[in-house]
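Let's read a protein model together, one feature at a time.

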Amino acid sequence: MAGKKELKLNQILEGDSVEMMRTIPNNSIDVIFADPPYNLQLAGNLLRPNNTKVDAVDEEWDQFESFAQYDKFTRSWLNEARRVLKETGTLWVIGSYHNIFRVGTSLQDMGFWILNDIIWRKINPMPNFRGKRFTNAHETLIWCSKSQDAKAKFNYDAMKSLNEDLQMRSDWLLPICAGPERLKDKKTGRKAHPTQKPEALLHRVILSSSDPNDVILDPFFGSGTTGAVAKKLCRNFVGIERDINYINVAKKRLQEVVVPDDVDLLKTPSKKNEPRIPFGWLVERGLLEPGTVLSDTRNRHTAKVRADGSIISSQHRGSIHRVGALVQDAPACNGWTFWHLNVEGKKMPIDILRQKLRAEIH
């Protein structure tokens with residue numbers, strides 16, 4: 001195997017995942033998404049009630065002689081993953097109950113720091129035809145950094161925006177890959193790849209943990225879902241795949257991806273980086289008049305705006321945050337979202353006025 005070389009972006013490397021990863025420079029990858037062989041322990045053919053055979057995963061690449069052999073394989077590719085990841089980079093691994101717990105043990109033994117385990121709950125899982133177990137309706141993703149002290153990138157505001165301004169939870173309800181998105185062989189009508197992941201899943205993974213122009217590595221590229229979504233989100237990708245048939249499918253798929261013209265549409269500005277707007281500026285600019293009555297959404301608490309940018313309730317006076325906390329007997333309060341203004345009979349959070357001033361500054 002050739003020595004280290006300059007990293008070429010937006011390409012598929014043909015060959016064994018571990019061997020190909022050894023050609024990638026140290027600390028050059030921002031995010032790794034790995035969908036390794038699951039080492040499914042299937043006993044015989046899986047049949048439907050009508051006795052037809054289920055198109056299950058029975059390819060050679062998913063076969064291992066023992067758990068020990070699988071663990072050795074896992075540690076080999078994780079060792080390379082650790083080397084090529086930047087110090088701020090993160091690693092995603094997806095699996096089922098067949099393999100994900102073994103992978104998790106290896107991750108922790110090797111010093112990776114688990115940030116979250118994500119449950120991908122499938123809207124339309126395959127039924128349990130034999131009726132002897134619960135339907136396998138989810139897969140698990142482990143998201144981790146290189147160490148406990150590493151500063152992992154997380155686009156919190158993008159995830160919150162994607163979830164209608166609510167914090168994104170660690171259980172994701174998404175459909176499996178089906179319909180027009182499912183790639184099939186035109187001659188046989190069979191699936192082009194047995195474990196093709198939905199683009200919605202990769203959209204969330206990539207958007208949450210990377211920025212435009214970052215480099216995403218997928219060491220088990222398969223049909224190229226990671227590359228397709230990376231390209232749509234203006235990220236660079238490197239895929240590794242040993243099966244030439246899957247490579248051909250992925251290349252054709254990538255050629256058809258349309259890249260957005262406006263990269264700014266792919267960015268979610270962090271609220272932490274937005275200019276600070278003191279509440280008093282709203283009074284100075286005439287967006288709120290002294291004496292304006294503010295209330296919470298249920299009209300349980302009210303306060304009046306003062307000319308100096310403070311507010312006063314029946315018992316407390318101070319900032320919008322301090323008074324908001326005191327009237328609720330709470331340790332803290334975000335006054336921008338707690339206090340509301342009556343506009344033509346409708347409640348409007350005062351944060352809307354703050355955003356108006358921020359827009360003027362930008």
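Q: How many residues of helix α5 are buried?
A: Let's start with the terms. Buried means under 20% relative accessible area, exposed means over 50%, and partly exposed is in between, with a 1.4 Å probe and protein chains only. Helices (H or I, at least four residues) and strands (E, at least two) are DSSP runs, numbered from the N terminus. Here, 9 of the 11 residues of α5, which covers residues 199-209, are buried, so the helix is largely enclosed by the rest of the structure. Among the buried ones are Leu-201, Leu-202, Arg-204 and Ser-209.

Q: What should I know about the model before going on?
A: This is a predicted model, in which local features need pLDDT of at least 70 and side-chain atom pairs count only at pLDDT 80 or more, while totals for chains, interfaces and linings use all residues. Residues are numbered from 1 along each chain as its sequence is written, and side-chain values use heavy atoms, with hydrogens and water left out.

Q: How many helices and strands does the protein have?
A: There are 11 helices and 14 strands. The C-alpha trace spans about 75 × 55 × 40 Å along its principal axes. Of the 362 residues in the protein, 44% are buried.

Q: How do I read a pair of aromatic rings?
A: Such a pair is described by the distance of the centres and the angle of the planes. Rings of Phe, Tyr and Trp (its six-membered ring) pair if their centres lie within 6.5 Å; planes under 30 degrees apart count as stacked, over 60 as edge-to-face and the rest as tilted. The whole structure holds 10 aromatic pairs. In one of them, the ring centres of Phe-154 and Tyr-156 are 6.3 Å apart with planes at 65 degrees, so this pair is edge-to-face. Phe-154 is partly exposed at 41% relative accessible area, and Tyr-156 is partly exposed at 32%. Phe-338 and Trp-339 also form an edge-to-face pair, 4.8 Å centre to centre with 80 degrees between the planes. Phe-338 is buried at 12%, and Trp-339 is buried at 0%.

Q: Which residues do ring pairs link into a cluster?
A: The cluster holds Trp-92, Trp-143, Phe-154, Tyr-156 and Trp-172.

Q: How many disulfides does the search find?
A: A disulfide is a covalent bond between the sulfur atoms of two cysteines. The test used here asks for a pair of cysteine sulfur atoms within 2.5 Å, and the search finds 0 disulfides. Cys-177 is buried at 4% relative accessibility, and Cys-234 is buried at 15%.

Q: Which way does phi point in Cys-234, positive or negative?
A: Most residues other than glycine have a negative phi. Cys-234 has a positive phi, near 60 degrees, and lies in the loop between α6 (225-232) and β8 (236-241). Asn-213 also has a positive phi, about 80 degrees. This residue is found in the loop between α5 and β7 (215-218) and is exposed, at 59% relative accessible area.
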